[in-house]
Amino acid sequence: MGIITVATTPQSDLHDLDDDGDDAVRRAAEAGESSRASRHWWDRNADEYQDEHGEFLGDDRFVWCPEGLDEADARLLGDVRGLAVLELGAGAAQCSRWLAGQGARPVALDISFRQLQHSRRIDLARGASPVPVVQADAAVLPFADGSFDLACSAYGAVPFSADTAALMREVHRVLRPGGRWVFSVTHPIRWAFPDEPGVEGLTAVASYFDRTPYVEEDEHGRATYVEHHRTLGDRVRELTGAGFRLLDLVEPEWPQGHEQEWGGWSPLRGRLIPGTAVFVAERG
């Protein structure tokens, strides 16, 4: 199956510069601007991302977060055999490939064409049947009502969407009654701290309650990367407002012996403050 195309961490100080030389600011960013920025950023950076993190992610591993919480151990999705599963923000579809190996029928969705090309690259190298993939915005899902038994996302789509309440409603729409929706995001408390792995990342410098998006913009003021912050309470209200029932909120602890840093995630910070929140919800 080919790629189906459907048209459709943010703790830096104000006016800092990101690694690409873009200006990093906190300002409003509406849905269209956020979507365009995410598509272009991930298309531009997919190769580097897969080169840097591909070994950790594996080709067919379902890892929820930089802490290394593995679905093979956590079983937050339950028994997936025979289930139709939608993965949002799938990247190179590593999680979907693991799901297929467990007997599920996954569809991997991502806004970035280049990320999905990496999925095809992995499938070709493995000589395996390709994971079905779709390029689309997760806030406007191109599927009929009740198409899936389960939906999941490991750090994909949710942090980059300007209207996550609408995204939750879309996921609810395409799920069948009783279907689970499980997703991981940067733990909201991290927005109060600098995104640094060392001691400089241990002092709160911003308000946890400031929902102003983090935006990287070029010399013309155009957004090149956008990430949106919600508090834990915001997330719960989005879920329940969309018709979900919250089953669990998992805050993975940093495991002993895990010394790999990933951006602002590190053993030093991970043993003191949570880096990830995993929401486990069920459609009513």
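Visitor: Where is the place of Ser-34?

Guide: Ser-34 has its place in helix H1. Keep in mind that this is a predicted model.

Visitor: Is Ser-34 buried or exposed?

Guide: Think of relative accessible area here: under 20% means buried. Ser-34 has a value of 1%, so Ser-34 is buried.

Visitor: Which residues is Ser-34 in contact with, leaving aside its neighbours within four places in sequence?

Guide: Ser-34 is in contact with Ala-29, Phe-160, Ala-162, Val-226 and His-228. Hold on to Phe-160, as we'll meet that residue again.

Visitor: OK, on to rings. How many aromatic pairs does a search of the whole structure find?

Guide: The search finds 15 aromatic pairs. Take Trp-41 and Trp-42: their centres are 4.8 Å apart, with 80° between the planes, and the pair is edge-to-face. Both Trp-41 and Trp-42 are buried.

Visitor: Why is the pair of Trp-42 and Phe-160 edge-to-face?

Guide: Look at the planes, because an angle over 60 degrees counts as edge-to-face. The planes of Trp-42 and Phe-160 are at 80°, so this pair is edge-to-face, with ring centres 5.9 Å apart.

Visitor: Which parts does that pair tie together?

Guide: Trp-42 lies in helix H1 (residues 31-57), while Phe-160 lies in the loop between strand S7 (148-154) and helix H5 (164-174), so the pair ties together parts that are 118 residues apart in sequence.

Visitor: Are Trp-42 and Phe-160 buried or exposed?

Guide: Check each against the same cut-off, under 20% for buried. Trp-42 has a relative accessible area of 14%, so Trp-42 is buried. Phe-160 comes in at 13%, so Phe-160 counts as buried too.

Visitor: Which residues form one aromatic cluster?

Guide: The cluster is made up of Trp-41, Trp-42, Tyr-49, Phe-56, Phe-160, Tyr-214, Tyr-225 and Trp-262. Now zoom in on Phe-56: Arg-61 lies over the face of its ring, 5.1 Å from the ring centre.

Visitor: And helices? What are two packed helices described by?

Guide: You give the angle between their axes and the distance between the axes. For H5 and helix H6 (residues 232-242), the axes come within 9 Å and cross at roughly 40°. H5 and H6 are therefore oblique to each other, and their crossing is right-handed.

Visitor: Which residues in H5 meet which in H6?

Guide: From H5 you have Thr-164, Ala-165, Met-168, Arg-169 and His-172. They meet Arg-235, Glu-238, Leu-239 and Ala-242 in H6.

Methods
Residues numbered from 1 in each chain as written. Predicted model: local features only at pLDDT ≥ 70, side-chain atom pairs only at ≥ 80, totals over all residues. Heavy atoms only, no water. Phe/Tyr/Trp six-rings, centres within 6.5 Å; stacked < 30°, edge-to-face > 60°. Buried < 20%, exposed > 50% of the residue type's maximum accessible area, 1.4 Å probe, protein only. Helix = DSSP H or I, 4+ residues; strand = E, 2+ residues; numbered from the N terminus. Lys NZ or Arg CZ within 6 Å of the ring centre and 35° of its normal. Axes fitted to C-alpha atoms, helices over the stretch in contact; angles between N-to-C directions. Parallel < 35°, antiparallel > 145°, perpendicular 65-115°, else oblique. Left-handed = near helix turned anticlockwise from the far one by under 90°. Contact = heavy atoms within 4.5 Å.
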